[in-house]
Amino acid sequence: MSTAPDGPRERWVTTAEGVRLCVAEWGAPDRPTVVLLHGYPDSKEVWSRVAARLRDDFHVVLYDVRGCGRSSAPRPLRGGFTLEKLTDDFLAVADAVSRGRPVHLVGHDWGSVQGWEFVTVPRTEGRIASFTSLSGPSLDHLGHWFRERAVRPTPRRVGQLLGQGAKSWYVYLLHTPKVPELAWRGPLGRLWPAFLRRAEKVPHDGYPTASLPDDAAHGAWLYRDNVRARLTRPRTDAHAHAPVQLITPTGDAFLSPRLHDGLERWVPRLTRRTLAARHWAPRTRPDLLARWIGEFVRAHDGDGPGHEVLARGPYADRFGGRLVLVTGAASGIGRAVALAFAAAGARVVAVDVDGGGAARTAEQARLAGAAGAWPEVVDVSDEAAMSALAERVTAEHGVVDVLVNNAGIGLSGTFLDTTTDDWRSLLDVNLWGVIHGCRLFGSRMAERGQGGHIVNTASAAAFVPSRALPAYSTSKAAVLMLSECLRAELAGQGIGVTAICPGIVDTAITTSSRFVGVDDKEQERRRQRAARLYRRRDYPPEKVAAAVLRAVTHDRAVVTVTPEAAGARLLGRLSPRALCGLSRIRPRL
């Protein structure tokens with residue numbers, strides 16, 4: 001066994017067939033063992049960024065699959081890459097690094113295809129404590145998936161078959177004699193790193209390694225030795241004997257999410273997650289993958305303290321482990337949004353100028369199921385404070401996945417009664433607070449290159465003229481237009497932007513809103529009257545929060561919440577004159 005400075009411990013495992021496998025290990029061997037399996041055309045280095053994040057807590061093991069990286073290739077190549085022989089390799093490695101104790105298996109691409117074989121064959125039962133699958137289906141499950149759609153076709157099923165058939169174009173080429181080998185050892189091998197950087201946004205950090213052409217040429221036999229045989233004669237007993245975590249990248253160009261429809265029949269203990277990333281997520285999203293892997297391992301390690309996986313809500317597969325920052329989170333819509341993301345297993349940063357309220361929201365978020373929750377006291381109108389917040393959150397928790405710019409204040413009164421200072425204080429929070437959030441956190445999303453989502457709380461007042469709310473309506477109309485402009489600008493970078501436009505929602509904004517042009521006594525009377533109106537309307541902020549999660553999930557541009565908001569927007573489109581006429585009615589204050 002050898003150890004490079006600041007690097008992994010290396011050992012060689014020789015199989016009964018005589019294949020020498022290069023194995024790398026990090027961390028203390030007495031900790032839970034996590035085995036990371038690479039795919040095609042890769043070597044174990046595809047997992048290096050994830051391994052670096054896991055090694056302090058786990059015994060992390062990577063190995064080059066036969067014929068890849070520093071491992072030797074079988075001779076002859078034909079018939080040397082069957083799933084049965086790959087299972088022999090896995091058991092040899094598992095015995096060498098964790099004899100007598102089950103390992104936690106993680107696979108990407110063909111590493112996941114292998115993992116499905118390992119976790120469903122009887123001879124590995126008891127050797128695998130858990131399996132995390134990323135971008136690679138079971139060939140047996142896939143064979144049944146194809147057969148069911150071919151035998152009982154419907155328009156939807158035929159569409160699914162054709163869609164996956166188009167995504168799998170490369171599989172047909174890999175079955176051709178000699179062509180893949182010539183391509184990989186020729187122009188394709190030279191062009192591949194540039195493709196990964198441009199199409200997949202993979203960082204240029206020394207990956208892939210120089211062995212790529214040979215790895216890819218040898219790996220073509222993975223397809224030739226297994227795909228046709230398993231798809232035409234899939235096993236009927238391919239049931240998982242360990243808990244499985246399925247992570248589905250939503251931007252995977254090679255696999256349809258529909259391939260895992262009905263997976264529960266094969267996997268009794270299944271946890272689903274979706275990841276806003278492309279195929280090579282181990283290189284582009286190692287932070288989130290490491291967090292999910294660690295969480296799943298701890299939950300299913302027999303010798304560890306263990307805990308249930310937190311993400312159990314209806315959106316757990318979408319937001320579990322994601323980092324969500326909500327401004328104005330001390331009460332009302334902001335608190336409801338923070339708690340809704342918490343119930344989906346997100347990590348939540350609750351931001352508000354009210355420190356006590358932010359702390360209470362963070363505590364409630366932890367109780368609701370958040371994977372982590374932290375309060376932050378910040379005035380969103382203060383650019384320097386917001387910049388410091390962005391630096392601090394990024395350094396301590398990572399790049400924000402979902403930003404909710406919700407902080408806002410109310411102001412009522414005629415235009416002529418609204419002073420310059422009134423305008424300035426309102427716009428500093430309602431508009432500049434949103435601008436600061438979008439710029440400071442959105443730029444980091446863009447730099448990361450793996451998408452994200454920004455939600456800006458506007459209002460039905462953004463498209464409903466009002467003689468009583470000129471300043472407030474102007475600020476919210478600006479937020480709406482900013483959101484639509486930003487959505488157009490960031491669309492090419494995979495960052496969605498949503499403007500949420502609620503109508504009358506029962507929150508505490510009425511008790512803090514200012515009424516200009518009246519004395520203190522009249523202002524208090526109007527606040528109380530507005531509060532009674534909002535309470536009678538009885539539209540809870542939790543419904544707005546649910547709309548926010550739906551909007552992020554489906555990447556919607558503008559979402560009206562409450563019937564009066566939807567009706568006003570429709571009226572403004574169908575009959576702007578009628579909407580303007582209504583705006584001239586003097587409100588009863």
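Is T176 buried, exposed or partly exposed? T176 is partly exposed, because its relative accessible area is 25%, and buried here means under 20% relative accessible area, exposed over 50%, and partly exposed in between, computed with a 1.4 Å probe on protein chains only. T176 lies in the loop that links helix 6 (169-174) to helix 7 (179-184). Helices (H or I, at least four residues) and strands (E, at least two) are DSSP runs, numbered from the N terminus. From T176 to A220 there are 44 residues in sequence and 9.4 Å in space, C-alpha to C-alpha.

A word on the ground rules before we go on. This is a predicted model, in which local features need pLDDT of at least 70 and side-chain atom pairs count only at pLDDT 80 or more, while totals for chains, interfaces and linings use all residues. Residues are numbered from 1 along each chain as its sequence is written, and side-chain values use heavy atoms, with hydrogens and water left out.

Let us start with D89, which sits in helix 2 (residues 83-97). D89 counts as buried because its relative accessibility is 1%. If we set aside its neighbours within four places in sequence, D89 is in contact with T15, L21, Y63 and R66; contact means heavy atoms within 4.5 Å.

Next comes a pair of helices. Two packed helices are described by the angle between their axes and the distance between the axes. Helix 4 (residues 139-151) packs against helix 5 (residues 155-167) at an angle of about 135°, and their axes are 9 Å apart. Axes are lines fitted to C-alpha atoms, for helices over the stretch in contact, and angles run from 0 to 180 degrees between N-to-C directions. That angle makes helix 4 oblique to helix 5: under 35 degrees would count as roughly parallel, over 145 as roughly antiparallel, 65 to 115 as roughly perpendicular, and the rest as oblique. Helix 4 and helix 5 cross in a left-handed way; a crossing is left-handed if the near helix is turned anticlockwise from the far one by less than a right angle, and right-handed if clockwise. Helix 4 brings W145, F146, E148, R149 and A150 to the contact, and helix 5 brings R157, Q160, L161 and Q164. These residues divide into four nonpolar, two polar and three charged, where Ala, Val, Leu, Ile, Met, Phe, Trp, Tyr, Cys and Pro count as nonpolar, Asp, Glu, Lys and Arg as charged, and the others, Gly among them, as polar.

Now to the strands. Strands of a sheet pair through backbone hydrogen bonds, either parallel or antiparallel. Two strands pair if DSSP finds at least two bridges between them. Strand 8 (residues 244-249) pairs in the parallel sense with strand 7 (residues 128-134) over four bridges, and L134 stands opposite I247 of strand 8. Strand 8 also pairs with strand 9 (residues 270-275), again in the parallel sense, over six bridges. Here Q245 has T271 as its bridge partner, and T248 stands opposite T274. How many residues of strand 8 are buried? Six of its six residues are, with V244, L246 and T248 on one side and Q245, I247 and P249 on the other. In strand 9, five of its six residues are buried.

Strand 11 (residues 347-352) joins strand 12 through six bridges in the parallel sense, with A350 opposite P375.

The axes of helix 13 (residues 332-343) and helix 21 (residues 541-554) come within 8 Å and cross at roughly 55°. Helix 13 and helix 21 are therefore oblique to each other, and their crossing is right-handed. Among the residues in contact are A336 and V337 of helix 13 and V544 and V548 of helix 21. The contact residues divide into 11 nonpolar, one polar and one charged.
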